[in-house]
Amino acid sequence: MSSESGAGRRMDGPQRDEEAVSRFVERFAAEMTEAGMQRTASRVFAALLASDDASMTSAELSEQLSISPAAVSGAVRYLTQVSMVSRERDPGSRRDRYRLHNQTWYASLTQRDSVLTRWEHALREGVEVLGGDTPAGARVAETVAFFEFLQKELLSLLDRWQVHRKTLQLGEASERPADA
């Protein structure tokens, strides 16, 4: 029988050193914060990432991270806006459960692709307004060329990742015992 405890971990699975897990959550959250993500959102994301079923309630997040439910709510709102987390109803309960999206990083980078497209369009207008023969216009034109290059490479990289991911899944399947 599978019973869950706070912090989104399954009690019938392998036991973990919760202090080490907490250190990992805080370290990874610090790295994400350093890269520009909001601190509390980074901590909530890292806690969900470290959760065996990639989902937790507000109360579980609040308890694990020692933050207020209001702080959890604000962090989840941000993570939902950037498509990293979704909100779902806990079955048979009025509580919300927050869940990481499948392929979170893939989805996040795919969304960045649309941001790059919008930036490209705005920058092209900038080249027209500034004039391609001015220093400012040339600088903006080079930025357009950079984003075009980045977008093309990003799409190719994401396609290659999907192929690679399938080979990883096939490898994992072949390593499982036949009776699993």
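Buried residues, meaning those under 20% relative accessible area with a 1.4 Å probe and protein chains only, make up 30% of the 180 residues in this protein. The model is a predicted one, in which local features need pLDDT of at least 70, side-chain atom pairs count only at pLDDT 80 or more, and totals for chains, interfaces and linings use all residues. Residue numbers start from 1 along each chain as its sequence is written, and side-chain values use heavy atoms, with hydrogens and water left out.

As for the overall layout, the protein has six helices and five strands. These are DSSP runs numbered from the N terminus, with helices being H or I of at least four residues and strands being E of at least two. Going along the sequence, the pattern reads β-β-α-α-β-α-α-β-β-α-α. Contacts here mean heavy atoms within 4.5 Å. Among the protein's contacts with a separation of 6 or more, 52% are between residues 24 or more positions apart.

Next comes the sheet. Three strands make up an open sheet in the order β3-β5-β4, with antiparallel pairing; two strands pair if DSSP finds at least two bridges between them. The edges are taken by β3 (55-57) and β4 (85-89), each with a single partner strand, so one side of each is left without a neighbour in the sheet. On average, neighbouring strands of this sheet are turned by 30 degrees against each other, direction ignored. On one side, three bridges join β3 to β5, and Ser 55 has Arg 99 of β5 as its bridge partner. On the other, five bridges link β4 to β5 (residues 96-100), and these two strands run antiparallel. Here Val 85 is bridged to Leu 100 of β5, while Arg 89 stands opposite Asp 96. β4 and β5 also form a hairpin with six residues between them, and Gly 92 in the turn has a positive phi of about 70 degrees.

Helix α2 turns up in several places. It lies across β3, β4 and β5, running at about 80 degrees to β5. The axes of α2 (residues 39-50) and α4 (residues 69-81) come within 8 Å and cross at roughly 85 degrees. Axes are lines fitted to C-alpha atoms, for helices over the stretch in contact, and angles run from 0 to 180 degrees between N-to-C directions. The two helices are therefore roughly perpendicular to each other, a label that covers 65 to 115 degrees, with under 35 being roughly parallel, over 145 roughly antiparallel and the rest oblique. On the α2 side, Thr 40, Ala 41, Val 44 and Phe 45 make the contact, and on the α4 side Ala 71, Ala 75, Val 76, Tyr 78 and Leu 79 do. Sorted by class, that contact has eight nonpolar residues, one polar and no charged ones. Nonpolar covers Ala, Val, Leu, Ile, Met, Phe, Trp, Tyr, Cys and Pro, charged covers Asp, Glu, Lys and Arg, and polar takes the others, Gly among them.

The core picks up some of these residues again. A nonpolar core is a set of buried Ala, Val, Leu, Ile, Met, Phe, Trp, Tyr and Cys residues joined through side-chain atoms within 4.5 Å. The largest one has 26 residues, of which Val 44, Leu 48, Leu 61, Leu 79 and Met 84 touch the most other members. At least two residues each come from α1 (18-34), α2, α3 (58-65), α4 and β5, and α2 gives the largest share, seven residues. Leaving aside residues up to four places away in sequence, Val 44 touches Leu 61, Leu 65, Ile 67, Ala 75, Val 76 and Leu 79.

Glu 120 sits in helix α5 (residues 104-130) and counts as buried at 9% relative accessibility. Not counting residues up to four places away in sequence, Glu 120 touches Val 144, Phe 147, Glu 148 and Gln 151. Ser 66, in the loop between α3 and α4, has a positive phi of about 55 degrees although it is not a glycine. Ser 66 counts as exposed (over 50%), with a relative accessibility of 65%. Ser 83 lies in the loop between α4 and β4 and has a positive phi of about 60 degrees, again without being a glycine. At 27% relative accessible area, Ser 83 is partly exposed, the class in between buried and exposed.
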